[in-house]
Amino acid sequence: MAAASANTMELAQTGKRDELRELELKYQARWAEERLFEVAAPPAEELKGLSPAEVKKQFPKWFGNFPFPYTNGSLHLGHAFTISKIEFAAGFHRMLGERVLFPHGFHCTGMPIKAAADKIEREIEMFGENFERFVPEEEAAPAAPTTTSDGPAKAVDKAKKGKVAAKATGLQYQFQIMESMGVPREEIKKFADPYFWLKYYPPICIEDNKLFGSRIDWRRSFITTDANPYYDSFVRWQTNKLYKLGKIKFGERYTVYSPKDGQPCMDHDRSEGEALGPTEYTGIKMEVVDWSEAAGKVIKDKVGDRKVFLVAATLRPETMYGQTNCFVGTQIKYGVFAINDQEAYVCTYRAARNMAYQGITAVRGQVNQLAEIEGSLLVGTKIKAPLSVNPEVYVLPMENVLPTKGTGVVTSVPSDSPDDFQTLTDLRKKPEFYKIDPAWCAFDPVPVISTPTYGEMTAPAVIKQLKIQSQKDTKQLAEAKEIAYKEGFYNGTMTVGEFKGTPVQEAKPRVREKLIKAGLAFAYAEPEGLIISRSSDECVIALMDQWYLDYGEPSWRSQAEKLVAKMETYNSETRNAFEGVLAWLNKWACARTYGLGSRIPWDPTFLVESLSDSTIYMSYYTVAHLLHSKLDGSQPGPLGVTPDQMTDEVWDYVLNNGPWPDAAPLPKEKADAMKHEFEYFYPFDVRSSGKDLIPNHLTFCVYNHAALFPEEKWPLSMRTNGHLMVNGQKMSKSKGNSMTMRQCIEKFGADATRLCLADAGDGIEDANFDEKTANANILRLHTLIGWCDEMLQDKSKLRQGEKNYHDTVFEHEVNDLASKTKGYYAAMQYKDALKYGFYELQSARDWYREVTADVGMHADLVEWWIRTAALLVLPIAPHFSEHVWTAILKEPKSVQLAHWPESTVTVDQSILDSSVYMHGTVKTMRDAELSLLKKMNKGKQGQATYDPKKPRGVRIYVTHSFPEWQDQCVQIVKEAYSEEHDKVDDQKVRELLTQRGLIKDKRAMPFVQAFKKRMAQFGTHTAFNRTVPFSEVKVLHEILPYLKRTLNLADAEVLSVEEAKSKDLSVLTKALIESAEPGNPAFEYYNV
C-alpha cells in the first residue's frame, strides 16, 4: 500500500484508534458471515395481484447508487466522500424497514488503462522486464512535450493547471507511478496486459469498502467491457435499441480529436479540458491587395502564384457590412499556410492545425507552412473586406488579440464591437505611438444593426455607459462585449445589405450562408478551450464521419427536460445545472477505435466509448447476481444462464416489457426471475455523484432513461456534491495532502473517518475533510463506549422509581432530537443529522447528568439514551453502534437489523421551551458573574453591588406582564403589519408612534427594530404571541439546587416582581426589578 502524503497530520498516539479498529474488523467479519447486506425482491407469489402502489406500501424498497469508479487505481478519499452519501442513506433506509439495495460496479471502459498498459510495454522494452536497466536522473525530467502531427513539439504549459499537474508526482515513467501506488516492482510487468488491471484493482476496491463498513451487496458487482460477456450483451442490447429508435446516427460532425491517438478524445480521455467541446465560427477570407513593405519582403517569394488571404474567425458574420479594418496581434507569430495550389491563408499555427482536420486543406491532417511572420510586420497591409461598405481596408495593431482563440486575425466592426471601437479610438488618438499611418484608420464606424436600447451605434453607446477609456480596460470591455452581443442578437434589426429590416437572429445564418456560397468565407471550428489528451496531445476539432448520439434533438431533449422536472435534485443549484446542460448539450460521439470496451454491434471496428456504455447500467445491478457469480462473468450465476442466451429479445423482455421471443434461447421462468428483480427494484431512488458529472454522465443518464424506459422507470432523484478538500486545501499529490480511502481508514479507523465525512458538508460547494476532526472523533467514540459500558455495569446504583422534572425534560429533548435527526437523514443532510443525532444528543445527556448530580440520573432513562444514541448514529458510525448494541446492551441480533427508535412521548413544545429557558437563564447568570470577575481583575469593577469572591446569594425576579410601553409598541407593529405582503410598513409605524406619544421615547425605536428581527427569525405568529407557555417560577425552583451547587451560592430565591416591590430590600433598585420581562427574568447577587 502506498504511503500517505507528507502534508497530512501524524498521530502521536494510536492505542485508542487501534482498539476501535479491532472492533471494526470484528463486526465487519460478522456482517459478512451473516450476509446482512444481500437483498432480494419479495417472492413473486407474495406480490401476486398487488398494484404497484400496494407493493410500495407493503414491501417498501430503496435503491441507491453512485457512479462506479474507474479501475486504474485505488479509491481515494474523494471517492469515499461520494460513496458515503449513499452509504449513510442505505443505513437509514434499512432502519425504516425497507429492502435496501446498494450495489457497486467497476468501470473499465475507455482509454486510460490501455494507454497506461502500452506505456509499461514500451518501458519494458527500454529498461527490461523489471526495469533493472533504468538509471534515475539527478535532475527532474522536463515537461513531456505536446505532440502535434506536423508542427514542432511544444511543452505542455497550460495543461499543468489541469489533472496532469494536480496528480503530478515528479515521476517520469508509468512504472514509477505504479510503484508510488504501492505495486511491487516485480508485479508491474503484468500491467502491460490491459486486462490484468481489471483483475487487480476491483478486489482492492472491494476490500477498501469492506474496511469502510459499506452496506454493499457484492453479489451484484461486475466489470464492464467485453471482458465480461454478460455486461457486453447488455451494452449490445442498449446500443442496438438506441440505434433502432433513431437516437444513434452516422454523419459528418465536429468532434474533439487527438491527432496523436488518431481518434476522438472524449471527456474521460482528457487530462485537461473536460466538458469542453467545439466552438463553430465563420472563417472570413480577406484577400491581400497590397502587402506592407515589411511583410512583402518576408512573404512574396514564398507563396508562388497563390492568392493569399488573412483569415479571421468570427461569431458575428452578419456584422461584416461594417468592417473598417482588421486587427492582428503585434507580438503573435503568424504562418502563411498553403491550403491548396491556388490559395494560402495567414493565421496562427494552432488554427491551421485545426483546419487540417476539417476538410479545408488539400491533404487531411497535413499543415503546409510556407512562411512565418511577426504580427507587427503585417500592419499596413491592404486587404479586401467581404460584404463591407468599405471594400478595401487596412491591417492595424491590437493589444488584446489572443493567439489561443480564433485564428489570431480579427475583423473590426467598431459600430457593434466595443473592443474594436475602443482600439480604433486609441489608434486615431496616437497614430505615431502605434507607428501607423493615420490614413489606415480613417474609416468611420458604419451602422449595421439598430437596437431599441442603443440605437445604430451599440458599441460607442456601451463604451460611454461603462466609462471605458482605453483598450487596457479589459475587464470592462469583456462586460461591454457581452452587453453589446446580447442586445444586438436578441433585439437587433439589420440596417444595411440585402437583409435590411430583418431581425439579426434570422439574418445571421443567411449572411453566413451567402458568404460561404460566394467563396468569401468557410465554416471553421476549434476547441472552446485548451483540451489535452491523456497522451499529452493538444486536441483539435476534426470534421469526421462517425457514430453519434443525437443529444439535443428537440423531441428527445423535451423528454429529458420532462424527466429532470419530475426528478428530485435536493437543491436548486443542481437543478439549474441540469437545465443549463440540457440547453446546450449537442450530438455526442459514441464510438472510438482505441481502448477497452464493447463493440458497436453493426460496425465492430468501433468500440462504444466510456460515457456511452455507462448510462443505464444501474438497471443491470438488479439482475447481475442472477447472471454471474464472478465480476468478469467467467462463472454463471444461480440461474445457469450463459451469455449467448442473453439476446436483445431476452433483454428487451426483462428490462423493457418486450414480447417473449418465439424461439427463446432460455426457459421463460429464468427470464421471469430476472424481470421480477428489475420490476421490484427499478427505478432507482437516488443517484449521488460529484457535481462535475452533470455536464456529461448524469445528463447522459437522463437522456438514455428517457429514451429507453417508460416514465414509471425514470430515476426518482439525483443529488450532487462538491469536491472534497483535505485540511482546507484541494486534495492533490503535488500539495502533499492526498489520501486513499484505505490510508484514511488505517489512520483514523472507519467510524472516525465516516463521522468526519458526514461533518464535511452536504451542499454542491466544495466540502472539507479536517483531519483534526477525524482525530478528535477517535477520542469521542472511545470515551463514549467507555461511558456506556460503565453506566450499564453500574445500573443498579442509578436512581429508580418515579421520574422528576429533569427526567421529563430530558426525555422530551431526546425524542425531539431523534425526530429532527430523522428528518435530516431523510433529506440526505448528514452534517445536520450528525449535529442533532450525535453531538447535541451528547450535550443533552451532559446537561442531564450535571443538573441531576444531587439525586442521580434515572436508570431507565440512561439505558434508553444509550440505546437511542446507538441507533441515531447507526447510519454513519455502524461499528460503534454495533458494539454498544451487542456487547453493551447485549442484544442478540445485529444492530444492522434494528429499526429507527419509536418516540416514547409526544414531544411537548412548552417543555422544550422551558428547557431552553433553563439553559439560557443559567448561562446569563454565570456570564454576568464571570464578566464582573474579569473587570475586578483589571480593576474596572466600578460600583459593584457585591463581591463575588465572598459568600453570596441570588434573588431572581419573575414577571407575568410586559411593560406597558412595550405592549403599545407591539400593538403598533401589529397594526402596521400587512399579512398579505408579510411586511411591516415603517412609515405607518412612525406615524402611530407619533400619534401615541412614543416617538420621543428613546427605548421605542430600538425595541421595534429588535421586534421586527424577532418576527423574521421566529415568524410573526410566535413573535406576536408574547406569552410564556410554562411556569417560570416552577422551572426556576427546579433548577435552584443546581444553581446553588454549580455557582457555589449560600442562598437562592425566586420572587415575583410584585413580591419584590412589596419588600423592603434596601440594596434593590426599582429599575432592576422592572427590567424583568416574561421569559427573561432579572436577577441580582448579594453578599450574605
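## The 958-1025 span

Residues 958-1025 have end C-alpha atoms 18 Å apart, and the span is 63% helix and 7% strand (DSSP runs, helices H or I of at least four residues and strands E of at least two, numbered from the N terminus). UniProt, in an unreviewed entry, lists this span as "domain: Leucine--tRNA ligase RagD-binding"; such annotations may be inferred rather than shown by experiment.

This is a predicted model, where local features need pLDDT of at least 70 and side-chain atom pairs count only at pLDDT 80 or more, while totals for chains, interfaces and linings use all residues. Residues are numbered from 1 along each chain as its sequence is written, and side-chain values use heavy atoms, leaving out hydrogens and water.

## Aromatic pairs

Let's turn to the rings. The structure holds 73 aromatic pairs (Phe, Tyr and Trp rings, using the six-membered ring of Trp, with centres within 6.5 Å; planes under 30 degrees apart are stacked, over 60 edge-to-face, the rest tilted). The Tyr551 and Phe700 pair is stacked, because the ring centres are 4.8 Å apart and the planes lie at 25°. Tyr551 sits in the loop between strand S21 (540-549) and helix H18 (554-566) and Phe700 in helix H23 (residues 694-708), so this pair ties together parts 149 residues apart in sequence. Tyr551 is buried at 1% relative accessible area (buried means under 20%, exposed over 50%, partly exposed in between, with a 1.4 Å probe and protein chains only), and Phe700 is buried at 0%.

Tyr825 and Trp900 make an edge-to-face pair, 5.8 Å centre to centre with 85° between the planes.

## Charges over rings

Lys713 lies over the face of Phe678, 5.3 Å from the ring centre (NZ of Lys or CZ of Arg within 6 Å of the centre and within 35 degrees of the ring normal). Arg845 lies over the face of Trp787, at 4.5 Å.
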